[in-house]
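These notes are for a first reading of the structure shown below. Keep it open while you go through the numbered points.

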Amino acid sequence: MSTVSSPASTAGPWQAEALDALLARRGRDPHALVQILREAQAMHGWLPRDMQAAIADALGLTLAHVEGVASFYRFFHDRPVGRYRVLFSDNITDRMLGNEALLLDLCRRLGVQRGEVRADDRVSIDFASCTGLCDQGPALLVNHHHVVTRLDAARVAQIAALIESRVPVDEWPADWFAIVDNVQRADVLLGTPLQPGAAIAAALERGADSMLDEMKQSNLRGRGGAGFATGQKWSLCRAAPGAEHYVVCNADEGEPGTFKDRVLLASHADPVFEGMTVAALVVGARRGLVYLRGEYRYLLEHLEAVLQRRREQHLLGASIQGRAGFDFDIEIHVGAGAYVCGEESSLIESLEGKRGTPRIRPPFPVEHGYLGQPTTVNNVETYCAATHIALNGGVWWAGIGTPRSTGTKIHSVSGDCERPGIYEYPFGTSITRILEDCGARDTQAVQVGGPSGVCISAFEFGRRIAFEDVPTAGAFMVFDRSRDMFEVARNFAHFFAHESCGFCTPCRVGTALVAKRMDKLAAGHGSRHDVEVLFELDKLMHTATHCGLGGAACNPLRDTIAKFRPAYEQRLKSLHFEPAFDLDAELSIARAMTHRDDPASHLETER
Amino acid sequence: MTTLAPLYPTHQPRKLKVATVSLAGCFGCHMSFLDIDERILELIEHVEFDRSPLTDIKHVGHCDIGLIEGGLCNSENVEVLRDFRKHCKTLVAVGACAINGGLPAQRNHLDLGEILQDVYGSRTGMSAGSAIPNDPELPLPLNKVHPIHEVVHVDYFLPGCPPPADAFWRFLTDLMAGRTPHLGHGLMHYD
Ligand SMILES: Cc1cc2nc3c(=O)[nH]c(=O)nc-3n(C[C@H](O)[C@H](O)[C@H](O)COP(=O)(O)O)c2cc1C
Ligand code: SF4
Ligand code: SF4
């Protein structure tokens, strides 16, 4: 695995031998297409059409198929994007820390427009969805590999100078790439040191059947958002007929404001892999796959090293811990910048080397998953919890938290607070408590669970984090009274419009309509009518979209209209309908071209 | 002797007033409307046409229903549309052009200044002294072609390019009968 960040020359020819070697290493497997494209791009910086044709040829696919896949993922480029591709994370927390001004400053220093490639092919600069570094932002991603955290004006100036003098990213100051865990409160998952292999031994001791019983007793529910009972999922998968069974770890962590899986992978990879191994024992899998989001590419070498060590410790591979017939190994797939690939069926499509379009469900992955075989997909934290349950038993786990939400939950706290970072609490903890612990002052709202989650306003801070009250996938973004909750919702609306995979019309069109309406309001052209239209769009998208992305896309809108309606109303120009743009300005070009300025060459604003 | 007013006044259906116009459209939607064929005889039992290409009335009066074909490509379109909105209780965007901008909106990825320059200035075969027309009688083109809902509130959308005659029929008969119009499967067209 090369650690050299991309790209070679951007416009020059690509290297046929290097591509051949890559294809050979990947066994010319069409299911590895996404990985092949990623590695090919890492060699060359972008994916020229003839290179895609060569890949198609070697894999026995059509060029149209390969181009279809390549064009789905935002981190793949079918044209040069410059030797330095700089992407500023654009979560609302980055916004609050001033990322827009920093981006503009970098653009100005380097003489390039946002979204364009500089004429000499040196650099392009743009925004990207949240990179999962909200507690140490503003952050940016260079060449889809390196992340720079804690940006400020001085650092931006230095980056501009390094790019101008063509210093390879690997040679930039190492401390810029430092990513800290920021664990502020540890409970059982983050605070209990584990001996690698101990949980596997405990599970083997129990046997697959009673291990499954422990899981059911623990009442563990999935930590990726939907909260499905993990024991039941494993038991469905185990019972489903299939030539092979698979265990998949969802490390896509794309929900803006969520970064707890990053910390687990960086510092607790052993319990995560161990949980996957326990799952393999229960469901009878021989192969496990980790889907690592492209933004976390920098974790790959570390994770590969942990896997390698575990193989050497006989915790992966053939006859794990000497148990004949217990064979299991894990490989890592790296995503390429598509939030929807966190949805388990899109994730499986992507693992199979395809566009990440969500499947029609049922059948669910437990019956019909990776390569059509029974597959257990769980979140990183879920596997970590399974490891602790294997060690300490289901009853122990069920004794933590609340009866319906057992165990602990890890929160990624960011936004307006003194101590952003990672906080682990038993379920049932109140929002007030978390706000106190993180040093939040004068808080007006918390977005729990990211844009797809719920916006909680001050009068509800007594509510508790639990599936039965305020459920969460792990994000906890704090907004104090200086923040404009309309702008928060508008940022989220653009996130969903940006990430909609485009497969179904209600979401493809609906997310764009919502973002456009919000922009209309932001530009001061709004009327009460627009707020009503937003309500209607919310209702429509809630029921008509193909997957959960579109279904949740209006959550921030609905919550903020309900709880922060004045933030919307202050923007309304009138209660009656208002045009979406300045009508008189729409005649400006024709007026200039005809040199007219007579009354008929103007459109009055109606009152 | 007193005459008692009837307890339940008998409903005297009055003819609905309908106006139609083609803004930046091709009249294809109007042609499709006429494709309701002999049903037009039944229709005029219930409606009376105000401003419309069918009547040649030039200014829209107070109406129940206004049908708008075509989007907005110049200032006159905007004024006519506003006039319709003021005068019609129910305003309907008819066809792809009214709803999305449609075919005329294909010019939106070009700069209007360059288009005018190309067409009236630098095209081959122009007579000497040609210039961009600037007669105050002429409406000025908008920088971009817009769908009508961006400028006025629109009550209903009748999609299609053009919407089929049966969609017009269903839509109008629903509306006249006081039902919220539902085109349903088969009449909902996007092309
Ligand atoms: C749009 C969308 C994005 C999602 N992103 C993630 C994600 O990043 N990580 C994750 O674990 N689950 C994500 N999920 C939920 C997964 O579909 C799935 O429910 C989960 O991985 C199951 O694991 P669990 O039972 O351990 O929670 C997402 C769902 C949707 C609809
Ligand atoms: S809801 Fe959105 S993300 Fe999901 S399938 Fe439809 S278009 Fe794609
Ligand atoms: S929608 Fe089609 S038929 Fe109607 S005006 Fe436009 S181009 Fe003509």
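1. Which residues does A:Thr258 touch, not counting residues up to four places away in sequence? They are A:Gly132, A:Glu253, A:Tyr296, A:Ser412, A:Ala473, A:Gly474 and A:Ala475, where contact means heavy atoms within 4.5 Å. A:Thr258 sits in the loop between strand S6 (246-251) and helix H12 (260-267) of chain A. Helices (H or I, at least four residues) and strands (E, at least two) are DSSP runs, numbered from the N terminus. With a relative accessible area of 4%, A:Thr258 is buried; buried means under 20% relative accessible area, exposed over 50%, and partly exposed in between (1.4 Å probe, protein chains only). The side chain of A:Thr258 also reaches the backbone oxygen of A:Glu255 at 2.7 Å.

2. A word on the basis of these notes. This is a predicted model, in which local features need pLDDT of at least 70 and side-chain atom pairs count only at pLDDT 80 or more, while totals for chains, interfaces and linings use all residues. Residues are numbered from 1 along each chain as its sequence is written, chains are lettered from A and ligands numbered from 1 in the order in which they are written, and side-chain values use heavy atoms, with hydrogens and water left out.

3. Chain A is assigned domain 1 (3-72), domain 2 (84-177), domain 3 (184-398), domain 4 (408-480) and domain 5 (485-593); such bounds come from an automatic or database domain assignment. Taken over C-alpha atoms, the centres of domain 2 of chain A and domain 4 of chain A are 29 Å apart. In this pair, six residues of domain 2 of chain A are in contact with nine residues of domain 4 of chain A.

4. Domain 2 of chain A and domain 4 of chain A bury about 470 Å² between them, with 79% of it on carbon and sulfur atoms. Buried area is the accessible area (1.4 Å probe) that two parts lose on being put together, summed over both. Of the area that domain 2 of chain A buries against domain 4 of chain A, 70% is supplied by A:Thr93, A:Met96 and A:Asp135, more than by any other three residues. A salt bridge is a side-chain nitrogen of Lys or Arg within 4 Å of a carboxyl oxygen of Asp or Glu.

5. Now the two chains. In the contact of chain A with chain B, 27 residues of chain A meet 27 residues of chain B. The area buried between chain A and chain B is about 2,200 Å², and carbon and sulfur atoms give 61% of it. A:Glu586, A:Met593 and A:Arg596 supply 25% of the area that chain A buries against chain B, more than any other three residues.

6. How many salt bridges are counted between chain A and chain B? The count is one: B:Glu150 pairs with A:Lys516, the closest N and O atoms being 3.0 Å apart. Helix H20 (505-522) and helix H25 (588-594) of chain A each supply at least two residues of the side of chain A that touches chain B. The largest share of that side, six residues, comes from H25(A).

7. Over all chains, a search of the whole structure finds 62 salt bridges. In one of them the side chains of A:Asp530 and A:Arg517 meet at 2.5 Å, N to O. This pair links distant parts of the chain, 13 residues apart, with A:Asp530 in helix H21 (residues 528-544) of chain A and A:Arg517 in helix H20 of chain A. A:Asp530 is buried, because its relative accessible area is 0%, and A:Arg517 also counts as buried, at 14% relative accessibility.

8. Another salt bridge joins the side chains of A:Asp538 and A:Arg558 (4.0 Å, N to O). A:Asp538 counts as buried at 6% relative accessibility, whereas A:Arg558 counts as partly exposed at 29%. A:Asp484, A:Glu487, A:Arg490, A:Asp519 and A:Arg571 are linked in a network of salt bridges.

9. In chain B, B:Asn74 lies in strand S4 (residues 72-74) and counts as buried, at 14% relative accessibility. The side chain of B:Asn74 reaches the backbone nitrogen of B:Glu76 at 3.1 Å.

Conventions: A polar contact is a pair of N or O atoms within 3.5 Å; within protein, one must be able to donate a hydrogen and the other to accept it, and residues adjacent in sequence count only if both atoms are side-chain atoms.
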